[in-house]
Every structure is written in C-alpha cells, then in structure tokens.
Amino acid sequence: MAEELLDIHLTLMMPEILVAVMAMVLLLLSAWTHRGGTGVVHWLTILTIGAVILVLQAGEGAAATFAGQFVIDDFARYMKILMCLGMIFPIIMSLDYFRGHAMDGGEYHVVALFALLGGMIMVSSGGFLILYLGVELMSLSFYVLAAWRRDDVQSGEAGLKYFILGSVASGLLLYGISMIYGVTGAVSFREVAAFMGSPAGHANQLLSLGVVMILAGMGFKVAAVPFHMWAPDVYQGAPTPVTVFMSVMPKVASIAVLLRILMEVFVVQHAQWVPIVQLFAVLSMGVGAFAGLVQTNIKRLLAYSSISHVGYMFIGLVTNTQAGVQGVLVYLTIYLVMTMGAFGIILSFDRQGLGEKISDYQGLAHKQPLMAFVMAMFMFSMAGIPPLAGFIGKLNIFMAAVKADMVPLAVAGVLFSAIGAYYYLRVVKVMYFDLPEGSFKVSVSGGGFLIVTLSLFLTFLWGILPGDLLAWTGAGVMVFHH
Amino acid sequence: MMVAEFVFYLFAALTVLSALGVVGSRNPVHSVLSLVLAFFSTAGLFVLMGAEFLAAILVMVYMGAVAILFLFVVMMLDVDFAQLRRERVRYLPLGLAVGVVMLVELGLMLGHHHLVEPPVAAVAVDNTLAIGQALFTRYIYPFEVASLILLVALVGAVALTHRERKRLHRQEISQQLARTREDAVELRKVASGEGA
C-alpha cells in the first residue's frame, strides 16, 4: 500500500488541478457576487485557461503517475492545448451574447471549465476506468450547457435529447469496457495491451465485441455516422456559444482517445477495427455531404459539416501510421480555426436574433462587404479550396491514405468533399448574388473581432505556409511508434 | 455447495426476470418496482460472493434512495400512457428484431468463451476496510474525479431549475439593525379638530 502512495506526482497534473481549483473558486465567487459577478468570472475564466495553456506549453517529456492512470506526453499536451483553445475562443467571443440574451453567466463558465477538465482527463487517461470518468464529466457538463437557455423550448429539447442519447452511448462504452475487463481482468491500458499481445488475446471474440462497443460509444461522442442523429438537433437548439464548444472540444478529446486506444491498446485487433472505422469514415463523409445539401439553418449546416469533417479525420485514423496521425492532428487544428471563425461571424449576427437561417445572410456582400468576404473565406476553407488551410488539412489526410495503400478511401474522400463543396458555396452564393431584404444591423464585439481576425490570418497562413503547423504536430505524433 | 449454487441461480433468474419486467411492463410504476427487485436480487448475488458491504450499499442507496426517487418522478410526471402504447406498437417490430439479433450474437460469443475467474478475497481484512484501502490509495484519482462529476450534476441541476422569485419578501438583518428611530418614526402635530 505504502509504495503505491509514493507514486503520486501532482506536479505532472498541474493543468488539471488548476482548472479544477479555479472552477470551484469561480463557483463560490459567482454564488457570492450574485448577478454582478458575471463579468469578473468571465475574465477569470479566460485568465485560467490562458494560464493552463502556458503551463502545458512549458511541459516536456513523457511521464505517468497514479499507478499509470494518468499519462502525459507530447501528444496529450498538444491535444490539451487544442481543447483549451476550443474553450477560450468561444468564451472570449460570447460575453456580449450573454448580455444580449440576458443569460446568467457565472455558473455557465464553471460548468464549461468542468467540461474542459473532463476532456483533459480523457486525453491523459491511462486506463478504461479513468477514461470513462473523464467521458462522463465532459458529457454531463455539456448536457447542462446545451440546456442553459432553459426558457427556450429548443434549448431544453437539445439538452434532454443530448442527455438521453448520450446516456445510451455511455452505456455502450461501459458495456464494452466490462467485456474487456471480463476477459483480461484489467482496466489499465498497459495491462490490457499486454494481454491482447499474449496468445490468449489473439482472436478472442469477446475482446472484439468489447472493442466494437467502445468504438460505438466513442463514435457517438464525435457524432460519426451511424451515431450522429443527435448532432443537428443539439447544435441547432443549444445556445450558439455552446454549439461552438460542442463542435470542437469533445471531438478533440474523443479523437485523441480513439487514436490512443486503437493504435496502442487494440493493436492485435487491428483487422477487426479497421473495417469498422473505414465504414464510419465513408458514412460520415457521405451523410455529411448529402444531408448538408438540404439544410436551411446555418447551425444545422455546420453540424453536418462537422460530421463530414470527422469522416475525413477517421481516414487518418484508419491508416494506422504516423503520417495518418499527423494528418488527424493537422486537420483538427485547422478545423478548430475554421469553426471558430465561421461561428464568430454567426455570433455577431445572433445578437439581433438574426443569423440562424441561411436566408438571413441574403445580400450580405452588398451591405457588409468585409464581413461577407471573411465568411466566404471560411466557407471556401471548409470546402477545401486552395490556397486556404482547409485544403492542407484534406491534402495531408489523403496523402497518408494513399501512402498506406488505401486509395479507394482517398478517392471516396475527394468525391465527397466535391459534393460537400456545394453547400458551402451555396452560403457564398446567398451572400453575394442574392439581393438584400431589409437592412443588417451587425455589431462585432471586440472579442469576436479578435478571434475572427486571428482565425482568418491562420487560415491564410497555414494554407500557404503549413510548415510551422506540421512541425508542431510532428512532436505529438512521435508518441506513436510504428 | 449445492445450496450456494441453488441460491445463485435463484437470484440470477430473479435478476433477469425483474430486468425484463422493467422494460416490459405497461405501467411505469410497475417498471420501477421491478427495478427495485432487480437491485435486491443483485444485492443477493453480492452477498453470495462475500461482498456484504457492497450488498448493503446497493440496498440502501439504490433501493432506498434512487429507485424511490424514480418512483416519485414517475408518479408526478403526467405521462400519456395511451400515446406511449401506440408508439410502442409502431417501433416494436424493429426494436424486437434488433434485440433478437444482438442477443443471438452475444449468446454465440459467450458460448465459446470463458471470463476471468473473479478474484477470491484471500486477505483476511473485512469488506469495508478492503474497499476503503483500495479507494483511498490505488483508486484515489478516479475517486476524486467521480466526486467532481457529482459536483457538476449538483451545480447543473441547481443552475437549470433555480429561479429567482422577484416578489419574495426576505429578511435582511443588516437593514433591520441599521434602522434608526429617525427612519422609522415620524411625529406629526395634528391640530385639534382636523384629525380624521
């Protein structure tokens, strides 16, 4: 017992501790200061996440603590920084949204911080038990956030739908974990991987069943296609800043987990999971491309768009190579930037109660040429048109697929991205070639302006000079030795 | 040994049957009561394995608190049972088909494989001590994360349901103490004959 107690190095989990402690401090602060404290809590949240990014940035090397239940390495650090950015950007953009919608914001930030903490725990998990707890912490926080505008019927519906379907997914995940525990008698990744490498682990069908269940559970969390039904409704119903959280943070966390367990733990089951993830990839790209064609609501459109983006990332996952993993990391980073930019524009509309329908953007170019141009750039980037960053993301993924002898998958990806381009371009067409009905009252907040400008800059920079991005992700990829 | 096996199969069968009752019964109240029975027979299985503490917790927390809370919720919600029944008929064939396929697949797989033998309690420490030692040493990290999950559930439930009542009269002790005679009492000289 005593020696196990010694294996606790809290300094390794400074970022997590910082988030947890600050979340609780802010909870007390928002309880004491009542309504007036929202602004203070808002800025303290931004400061906290900023500090966490700095701490993560400074860390180096790989280590584990709590008997291997907590793992930190370059890959985990990169994913955590992505998640922090995925949380801090919407928070910077959304202070005005709160004022505009008279939402009480103190506890909102606390729950958002807990969601971030759950994601960080997932990324650093070294066993199935702690992985499940991380998933639950993150999901539970998101259920609450989705329903935050409780007087709004759609928001309530979104929260409830997400909660019920999410619980089913958690159940599947747990069921899979219990299968694996039943066969191997272990929950830590290292022990399970060792068992699977042994003769008893080869071709054990129960283990495969566990793998499939875990894939289904995680597939739900990223909204990959047979498990995507909830995404459009929840994205549409949730308050827009929460939609921004949901379209980036959980996906980063879940894809990080999938990369880790598929490539490090379920190595022997390779032949079983590759076809499944391939199916997920093709279906996600297909449904994302075709269902997006008929959408009239821009949040729903971006939901389908995120489904197809997940499909592309799964191609990188399937290749099971370092190049594929790097493709996924690059794609995730670029996806984060594009999504933040596009939602930044949507948020600056949303304050007037406009901006939900695609038709709200009719003739934007005639009244607000700059804004229409920026939105058009993000749409082009999402469609994967060079020389914007979205193109680089897709290119890396397809190159990795070709190198891994998965040409049909790469071809399918190119075809679906061509179909998907139609609906991104439709938004551009509505803005540029339709005539405006009435006037636009657009006011971009300072924070929104900052984030949109930064996103636009990065979209151009990484589209033309992706060297830096490739170098950053390269370090994270080295964790996977194959 | 025979007795233990007989009791095991009794509780196992009870668990499965009552679980079927949870999903199958027409009346939600019966569903919750079946759930209580399922919890109870699982507790019986725990006792058979020598885990009395877990069994006691299951009875107290799940049966005593969770299931009864469910019961309150089910009884207070105004659910349109006729509507539910109609919908069930609509989705029954598909749901049944999927369920049967999955059950057969599971049966095929389970038929050929054996699970790891459950670890037998070799140490001579009692249940509560063993669980406490495991929770607060080896599993302290998951334990703490679980407590954070409960905190989020608590904060979320309050944040989503709490409403500030504007017309509520609250006692503000500081204001009461700060009241002076000048604030509270007004003396007026009323001329004789003019008072109401």
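Predicted model: local features only at pLDDT ≥ 70, side-chain atom pairs only at ≥ 80, totals over all residues.
Biologist: How do you know whether helix 2 and helix 6 of chain A are roughly parallel or roughly antiparallel?

Modeller: The axes of helix 2 of chain A and helix 6 (residues 106-123) of chain A come within 9 Å and cross at roughly 165°, where axes are lines fitted to C-alpha atoms over the stretch in contact and angles run from 0 to 180 degrees between N-to-C directions. Angles under 35 degrees count as roughly parallel, over 145 as roughly antiparallel, 65 to 115 as roughly perpendicular and the rest as oblique, and therefore helix 2 of chain A is roughly antiparallel to helix 6 of chain A.

Biologist: What classes of residue make up the contact of helix 2 with helix 6 of chain A?

Modeller: That contact has 14 nonpolar, 3 polar and 2 charged residues, where Ala, Val, Leu, Ile, Met, Phe, Trp, Tyr, Cys and Pro count as nonpolar, Asp, Glu, Lys and Arg as charged, and the others, Gly among them, as polar.

Biologist: How are helix 2 and helix 3 of chain A oriented, and what makes you say so?

Modeller: The axes of helix 2 (residues 14-33) and helix 3 of chain A come within 10 Å and cross at roughly 175°, which means that helix 2 of chain A is roughly antiparallel to helix 3 of chain A. By class, their contact has 14 nonpolar, 4 polar and no charged residues.

Biologist: Which residues of chain B count as touching chain A, and how do you know?

Modeller: Two residues are in contact if their C-beta atoms, placed from the backbone, lie within 7 Å, and 19 residues of chain B are in contact with 34 residues of chain A. Helix 6 of chain B gives the most to that side, with 12 residues.

Biologist: What conventions apply to numbering and confidence?

Modeller: Residues are numbered from 1 along each chain as its sequence is written, while chains are lettered from A and ligands numbered from 1 in the order in which they are written. Local features need pLDDT of at least 70 and side-chain atom pairs count only at pLDDT 80 or more, whereas totals for chains, interfaces and linings use all residues.

Note on methods
Helix = DSSP H or I, 4+ residues; strand = E, 2+ residues; numbered from the N terminus.
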